[in-house]
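Subject: Structure handover

Hi there,

Here is the structure I promised to pass on to you.

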Amino acid sequence: MLPLLGIFDLTLRELWAKKVIMGLFLVSTLVLLFVSFALNLDVVEGSLASFRLFGSEAETDMTLEDLVFAVESVVAGAAYWLGVLLALFSAAPLFTTLLDEGHIDLLLSKPISRPQLLAGHVAGVWGAMLVLVTYLLGGVWLLMSVKSGVWNPRFLLAILLVVALFAVMYGVVVLLGAWTESTALSLITTYGLIFVSLALAGVKQITPQLSSTGAAVFWTAYHTLPNFAEVTQTVGNLATGDPVTDWYPFVSSLLFGAVCYALGAWIFARRDF
Amino acid sequence: MPSSPAVAVTDLSKTYHSGWIRQEHVQALDDVTLSVEPGTVFGLLGPNGAGKSTLVKILLGVVHASSGTAALFGTPSTNPAARRHIGFLPEDHHFPGFLSGERVLHIYGRMANVDAETRSARIPELLDRVGLAGRRASKVQSYSKGMMQRLGLAQALLGDPELLFLDEPTDGVDPVGRRDIRDLLVWLQEQGTTVFLNSHLLSEVEKVCDRIAILQDGAIVRQGSIHELTAVERVYDVVTTRIPPTVLENLGEALRPTEDGAPSDPSLSRYRVRADNRAALNAVLDRLRTANVEIESVRPLRQTLEDYFIDVVGGTSPPANGAPS
């Protein structure tokens, strides 16, 4: 257990040393300060009487619940897209650095198996992301709930979704990093898949316009690649308290991530360093 | 003391494959067999590309063998448990630059299964031993090459290893530091630690190693004790008073004057005696005594390890007695 904790600790410290992660914490803190001090709600008998931004009264027809959900939804969306993209940018080099000669030799000479070493590293990256997202989304949820008295516990599930989709995309980094040791290729492919997922999200609108072969290819891509963009809708539903009608994009993305990790671990275990 | 050899390698081979379309194969190790007994300081020598690093990496589970077996204290090297009592200092190692020297030891010590209490006790002691006590809180990125090497050595020693692998431990270290490391190796040997040393500095290997193996083109071409390997077969260094020319002439090829290292006493001269056996050596000495020549010293002639190594890798030295080739 100690060796596993050692690699977990090292990964957390390496991530913390990255300026992007520090920057994300700073931005999260600014968001929390904004929600704490710049956004003031006047709630009278459970209804929104008025709200002020930076001391100026803002006019709105929204109900108190709508306003709370809107704020939570904006923050969750930003955390999902910007947070995940930036976190991938800062975490991806960590995996290829792990494989550097003179570093991996030292790690593998410890009494730890390769799958454990990989698991410790991945757990460190996921752990850092979980702390970061919980700090931002959990903080916003708590502040908004206390201020408004509107408690939406389902919003907390969005934290898990954001971390899970980050984990899925980091699986691509692990697979390509173990295979090619190239940070650039890992990142380009990961961002490429996120970009492709924007098109895949329109599968129901696009496939009728395609030939039968094209539609089959598109459907295959939809079912096999991560549906990063489509999961935005799930995150949004959780933020607004709406029911999630379709978990398939999330589940299929998780399966894609599991395959990436399995293949990455297989390559990592077989490689010579 | 464990009864199994510290290192046991049998018929070990490694072929690297590269390329997708036009595959290239490089045979890094070819049927290597060697054994290192516990408590010895073992030196692995060989020219660049001989396969030394590959052998060490297979022993540490960093590289997979193509065939054959490797074990540490009887446990296959593919099993992580084999590395439980191992210390390793790789060549050109690097630690995350943002960590302090002390933090590096805590993190890598934890990975080596060293508990917090032991780490807290041993880290200050080790930093002091390797001369980094004053820089323990400095970030590693501010360390010189020599300091990194010292830190790497402290990291390798932290788990109180029974077997220590050192790959070029004195690389980048100044002469004083080199002597310190040499003294440390001698101390480790006295403590019963087995040391597997991979170094290009043959003078150092000669000073600290009990046994060596020379690897060339992936195969062990010589192995044995330094004493056995560097002894020049049946040639003796003899210092005597001046030998009369007639005696010299009578002895012919068996005794020749040499210019190597003239004795400080001008009344003495140095000779080389070539004798096929002990009786022949004594016959030469008897002949000298009969001629009233006084004998100051008789010593078997030795090469330096460097001369021996160059002879071997250059292909001019025959296998020594008892040394597998």
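Predicted model: local features only at pLDDT ≥ 70, side-chain atom pairs only at ≥ 80, totals over all residues.

Chain A

Let me start with the overall picture. Chain A is built from eleven helices and three strands, and in sequence order these run α-α-β-β-β-α-α-α-α-α-α-α-α-α. Its C-alpha trace extends over about 65 × 55 × 30 Å along the principal axes. Chain A has 273 residues, of which 38% are classed as buried. If you take the contacts in chain A between residues at least 6 apart in sequence, 76% of them link residues at least 24 apart.

One helix pair in this chain is worth a look. Helix α7 (residues 183-200) and helix α10 (residues 228-240) of chain A have axes that come within 6 Å and cross at roughly 70°. A crossing angle of 65 to 115 degrees counts as roughly perpendicular, and α7(A) and α10(A) are therefore roughly perpendicular to each other. On the α7(A) side, the contact is made by A:Ile194, A:Ser197, A:Leu198 and A:Leu200, which meet A:Phe228, A:Ala229 and A:Glu230 of α10(A). Sorted by class, this contact consists of five nonpolar residues, one polar and one charged.

Strand β8 of chain B

With strand β3 (residues 41-45) of chain B, β8(B) runs parallel and is joined by four bridges; here B:Gly43 has B:Leu197 as its bridge partner. With strand β7 (residues 163-167) of chain B, the pairing is also parallel and covers five bridges, and B:Asp167 sits opposite B:Asn198. Between β7(B) and β8(B) the chain passes through helix α5 (residues 175-190) of chain B, making a right-handed β-α-β crossover.

Where the chains meet

Finally, the interface: 26 residues of chain B contact 23 residues of chain A. On the chain B side, β6 (86-89) and α2 (101-111) each contribute at least two residues. The largest share, four residues, belongs to α2(B). By class, the chain B side comprises 15 nonpolar, five polar and six charged residues.

Enjoy looking around!

Best wishes

Conventions
Residues numbered from 1 in each chain as written. Chains lettered and ligands numbered in written order. Contact = placed C-beta atoms within 7 Å. Nonpolar A, V, L, I, M, F, W, Y, C, P; charged D, E, K, R; others polar. Buried ≥ 20, exposed ≤ 12 C-beta atoms within 10 Å, placed from the backbone. Axes fitted to C-alpha atoms, helices over the stretch in contact; angles between N-to-C directions. Parallel < 35°, antiparallel > 145°, perpendicular 65-115°, else oblique. Pairing = 2+ DSSP bridges. Right-handed = clockwise from strand over helix to strand, strands pointing away.
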